[in-house]
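Visitor: I'm new to this one. Could you walk me through how you know what you know about it?

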Amino acid sequence: METTATLNPILTVVANQFMRDPKGFVADIICPRFPAPLQAGTYYRFDVADIANVPNLKPRAPGSPYQRIQTNIDSDSYACENYGLEAPAPDEERSKYAAYFDLDKVKVARIVDTIRVNRELRVVNNIVSAAPSANVVVPWNDPSSNPKSDVDAACEIIRQQSGPPKAMVTMTISHPTFMVLQIHPKLVDLFKYTSPGILNEDKLASYFGLRRVVVAFNVQAINDEGQAFSAADIWGNMAAFTVDVDSNDLEVPCFARTFFWTAFTSEITTLDSGGPPITGSGGGPGEQSIFTYRDETVKADVHRGDHYVTEKLVYSGCGYVLNGCLG
């Protein structure tokens with residue numbers, strides 16, 4: 001079918017800037033992005049035997065071949081699907097904005113925000129369904145609770161399963177849990193002489209001995225359509241622990257990865273990264289492409305966001321969940 005939709009390079013750059021803005025989303029940390037030149041392919045998955053299987057090196061005899069690293073890792077497949085949607089920019093709305101282009105940026109921001117909320121929900125579902133978990137015995141809003149003991153136990157399980165110490169682990173918590181930890185008597189008493197003031201994410205990470213603490217601010221509507229609005233935190237009443245990985249090396253174990261198809265991103269420019277393009281006909285480093293076409297039936301420019309992506313489990317042992325953090 002013929003289409004009048006064409007790639008909008010300016011709005012695509014805007015969209016990818018929105019995608020890279022944290023805004024309380026944590027999917028990129030738990031499920032780091034991997035640019036995939038193919039829409040579907042294979043990737044490495046790990047189990048505990050793969051993590052612990054380190055070859056026993058022996059002295060090499062003169063003239064003999066060297067021992068070689070063998071990658072004996074199971075593989076799984078991925079297929080990037082298009083989680084895209086459209087947002088019309090009606091002519092009647094343009095007069096409300098100071099500049100002609102402002103309305104288009106508003107619509108693109110709405111597209112990106114909707115896509116990111118849905119991705120966040122998928123990542124939450126992945127970690128809830130795949131990561132080992134336990135319930136907190138004493139909720140952290142009880143002054144007699146010991147959050148550090150709970151965190152230490154969770155991180156020790158990760159270390160036993162995957163190797164990294166808790167200094168390489170990220171803890172993700174909801175905003176209500178963050179506010180409770182800020183006033184927990186054990187934490188307040190420790191910091192009141194050495195580092196007075198509100199306990200932020202960095203101070204919490206230092207207290208727990210973690211690489212970082214990330215607060216998930218975003219909420220979702222939980223009411224049925226037509227009913228009064230009711231919201232809940234996307235990350236709910238839990239603390240999620242994941243091995244923090246920055247590398248694009250697929251042989252580095254982590255909890256999960258996000259594969260995004262680079263063939264449907266915009267062509268690279270200095271506005272994007274200033275570097276060479278990533279392999280793929282699209283060539284861009286971002287996940288998002290914006291296409292624009294005119295729909296005279298509604299007197300609007302319609303912006304379409306394509307988002308070819310999938311989130312895949314790599315190794316469940318690189319994650320752990322504490323449920324019931326708040327009573």
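Visitor: What makes up the lining of the largest cavity, by class?

Guide: Bear in mind that this is a predicted model. By class, the lining has three nonpolar residues, four charged ones and no polar ones. The residues are M19, F25, A27, D28, R116, R119 and E120. Met, Phe and Ala count as nonpolar, while Asp, Arg and Glu count as charged, so that's how the residues get sorted.

Visitor: Which elements give two or more residues to that lining?

Guide: Those are α2 and α5 (102–130). The largest share comes from α5, with three residues.

Visitor: How do you know that there is a cavity here, and how many count at 30 Å³ or more?

Guide: A cavity is a set of points where a 1.4 Å probe fits but cannot get out. With the cut-off at 30 Å³ or more, the count comes to one cavity. The largest cavity has a volume of about 50 Å³, so it passes that cut-off.

Visitor: Let's turn to K23. Where is K23 placed?

Guide: You'll find K23 in the loop between α1 (9–20) and α2 (27–30).

Visitor: Why is K23 called partly exposed?

Guide: Buried means under 20% relative accessible area and exposed means over 50%. K23 is at 47% relative accessibility, so K23 counts as partly exposed.

Visitor: What is K23 in contact with, leaving aside its neighbours within four places in sequence?

Guide: K23 is in contact with F18 and N218, where contact means heavy atoms within 4.5 Å. There's also F217: K23 and F217 are 194 residues apart in sequence, yet 7.7 Å apart in space, C-alpha to C-alpha.

Terms used
Residues are numbered from 1 along each chain as its sequence is written. This is a predicted model: local features need pLDDT of at least 70, side-chain atom pairs count only at pLDDT 80 or more; totals for chains, interfaces and linings use all residues. Side-chain values use heavy atoms; hydrogens and water are left out. Helices (H or I, at least four residues) and strands (E, at least two) are DSSP runs, numbered from the N terminus. Buried means under 20% relative accessible area, exposed over 50%, partly exposed in between (1.4 Å probe, protein chains only). On a 1 Å grid over the protein atoms alone, a cavity is a set of points where a 1.4 Å probe fits but cannot get out, and a pocket is an open set with protein on both sides within 12 Å along at least five of seven lines; lining residues have an atom within 4 Å of a point.
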